[in-house]
Amino acid sequence: MEIDKAIRESDDQRLKTKYNNAIYVIRRALALYSIEEVAFSFNGGKDSTVLLHLLRAGWFLHKGEQSCSNGSLNNFPIGTIYFESSCAFPEINSFTYDTAKVYGLQLDIIRSDFKSGLEALLKDKPIRAIFLGVRIGDPTAVGQEQFSPSSPGWPAFMRVNPILDWSYRDVWAFILTCKVPYCSLYDQGYTSIGSIYDTVPNALLCVNNSSSSKEKFKPAYLLSDGRLERAGRAKKFSQQVCGHRPVIANGMDDNDLHRNSMLTASAIAVGDEVLFGTVEDQLGPLLCKKLHSVGWKVKQTAVVQNDVDSVAEEVDRQKSANDMVFIYGGVGPLHSDVTSAGVAKAFGVRLAPDEEFEEYLRHLIGEHCTGDRNEMALLPEGITELLHHEALAVPMIKCQNVIILSASNVAELEKEWKCLIEQLRSSGLSLMEPFTSKSLSTNLSDVEVAQPLSKLCLEFPDLHIGCHRKSRKGPLIIHFDGKDEARIESAIESLGKKFRPGTFS
């Protein structure tokens with residue numbers, strides 16, 4: 001009862017909404033399954049600590065105030081599963097057993113490997129659903145909903161995830177608001193706790209103290225940037241904290257890139273306003289020039305309407321036909337901003353909250369995001385990589401070989417492109433040899449040059465040779481594009497020999 005009361009009296013509207021949604025999931029599960037058929041997986045960490053107290057409140061609300069009128073702490077009827085590991089921190093084990101004593105948890109302790117132990121437990125007990133403290137962003141969260149059947153190869157049970165959409169901030173807001181006890185490691189700078197072999201205090205919480213040789217750390221709830229929660233995981237520390245992450249390798253190493261002299265790209269604009277002729281697309285031509293300048297061949301540009309299916313169909317077509325796809329327009333909180341949803345559908349994944357991206361948005365437009373969910377932070381699940389750069393307020397979004405650009409004008413695209421190129425270079429990937437372009441002008445008619453140009457294309461298949469006129473009566477402009485300037489000069493010389501001197505300038 002004290003948990004529910006603390007939340008009701010809080011001024012944090014976001015926390016209230018998160019709490020209400022989690023309680024709804026819990027009460028729904030308790031309505032679907034009997035108390036003997038549910039269990040709770042507790043590991044001593046902050047997320048499962050939050051879930052414990054949500055379950056206490058949910059059970060109280062489910063049974064009604066009549067049957068729980070005394071508000072007793074020693075009245076928690078949901079069986080609790082604890083995996084006791086020799087790799088766990090002693091503080092985690094101590095906190096778990098202290099918590100079990102204080103709140104009357106009925107512990108089922110697994111000391112074998114978790115899967116075997118769970119199989120034995122489910123054979124012995126009629127458990128059909130297990131409450132888990134999984135959050136989006138956890139390695140095991142991909143593909144999970146609030147109710148998700150167990151993975152193939154595991155014993156059959158329903159995974160119930162009441163805090164799936166909670167962020168790092170939400171977890172600590174709940175703990176501090178409700179004043180519930182938590183593991184002492186969090187007061188020593190640990191922000192995400194794994195085993196004793198892969199977890200260290202988060203360096204971002206380190207307090208420099210010249211008078212002492214021993215490092216001191218601020219408590220975990222003072223980490224202002226929730227997207228760096230796992231920076232204390234030793235195996236994953238170096239690159240993510242420093243902000244240097246692999247960018248556009250597209251599955252190829254440096255040698256592969258050197259061997260490929262031609263990479264292809266396409267550009268997709270999303271916007272009814274372009275199709276209606278209300279707005280002129282200035283970003284497409286500029287993007288083509290930028291790609292051309294770094295040696296990429298643009299195979300196609302397309303404009304699609306603000307419709308999820310239209311975006312998905314075009315992305316699906318282009319991503320398999322090109323090394324990279326750039327898509328712009330339709331990014332934001334409006335009803336017409338469907339680009340992320342279209343990309344997700346093209347890859348056959350759902351949109352899910354990305355806590356790291358949400359943190360960027362919160363720092364950028366925090367006072368305007370008072371709801372429980374920021375729709376702009378919903379990104380394609382399991383395939384999204386954020387491309388960070390100190391010059392960008394929010395990172396660019398990369399989904400496998402599709403890059404979602406947020407630029408809405410030429411200046412913004414120039415900035416994003418510069419950051420993208422810098423990331424390519426800093427990550428050790430080579431840019432392609434740039435194209436060389438030369439043009440000739442002539443007053444010859446199309447008929448006079450048609451056959452000689454056709455033969456020239458056969459003679460120089462590695463070059464792109466094209467023509468255009470600025471007006472029907474104006475001079476004919478012949479373009480030569482390629483990676484080898486000597487080959488272009490040879491082609492120009494070969495064409496000149498087919499006509500009188502002075503025909504071309």
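Predicted model: local features only at pLDDT ≥ 70, side-chain atom pairs only at ≥ 80, totals over all residues.
Residues are numbered from 1 along each chain as its sequence is written, and side-chain values use heavy atoms, with hydrogens and water left out.

**Overall picture**

- The protein has 16 helices and 19 strands, where helices (H or I, at least four residues) and strands (E, at least two) are DSSP runs numbered from the N terminus.
- Of the 505 residues in the protein, 49% are buried; buried means under 20% relative accessible area, exposed over 50%, and partly exposed in between (1.4 Å probe, protein chains only).
- Among contacts between residues at least 6 apart in sequence, 74% join residues at least 24 apart.
- The accessible surface comes to about 25,100 Å², and carbon and sulfur atoms account for 50% of it; these areas come from the Shrake-Rupley method with a 1.4 Å probe, and for residues only the protein chains shown count as cover.

- β14 pairs with β15 (residues 396-399) in the antiparallel sense over four bridges, and Leu-386 has Ile-397 in β15 as its bridge partner.

**The sheet containing β1**

- Another open sheet of six strands has the order β3-β2-β1-β4-β6-β5, again with mixed pairing.
- β3 (107-110) and β5 (147-149) stand at its edges with a single partner strand each, so one side of each is left without a neighbour in the sheet.
- Its neighbouring strands are turned by 30° against each other on average, direction ignored.
- β1 pairs in the parallel sense with β4 over three bridges, and Phe-40 stands opposite Phe-131 in β4.
- β1 also pairs in the parallel sense with β2 over three bridges, where the bridge partner of Ala-39 is Gly-79.
- β4 and β6 are likewise parallel, over three bridges, and Phe-131 stands opposite Val-160 in β6.
- In a regular strand the side chains alternate between the two faces of the sheet.
- From β1, Val-38 and Phe-40 point one way and Ala-39 and Ser-41 the other, and all are buried.

**Nonpolar cores**

- A nonpolar core is a set of buried Ala, Val, Leu, Ile, Met, Phe, Trp, Tyr and Cys residues joined through side-chain atoms within 4.5 Å.
- In the largest core, of 54 residues, Phe-40, Leu-54, Phe-131, Trp-166 and Phe-174 touch the most other members.
- The elements that each supply at least two residues of this core include α1 (2-8), α2 (13-32), α3 (46-63) and α6 (168-178), and the largest share, eight residues, comes from α2.
- Leaving out residues up to four places away in sequence, Trp-166 touches residues including Tyr-19, Leu-54, Arg-135, Phe-174 and Glu-355.
- A second, separate core of 26 residues includes Leu-263, Ala-267, Leu-286 and Met-324.

- Glu-355, Glu-356, Phe-357, Glu-358, Glu-359, Tyr-360 and Leu-361 are the buried residues of α13 (residues 355-365).
- These buried residues pack against α2, α6, β12 (351-353), β13 (378-380), β14 and β15.
- Glu-422 sits in helix α14 (residues 410-426) and counts as partly exposed because its relative accessibility is 35%.
- The side chain of Glu-422 makes a polar contact with the side chain of His-389 (2.6 Å); a polar contact is a pair of N or O atoms within 3.5 Å, and within protein one must be able to donate a hydrogen and the other to accept it, with residues adjacent in sequence counting only if both atoms are side-chain atoms.
- Glu-422 and His-389 are 33 residues apart along the chain, and their C-alpha atoms are separated by 8.8 Å.

Definitions and conventions: Contact = heavy atoms within 4.5 Å. Pairing = 2+ DSSP bridges. Axes fitted to C-alpha atoms, helices over the stretch in contact; angles between N-to-C directions.
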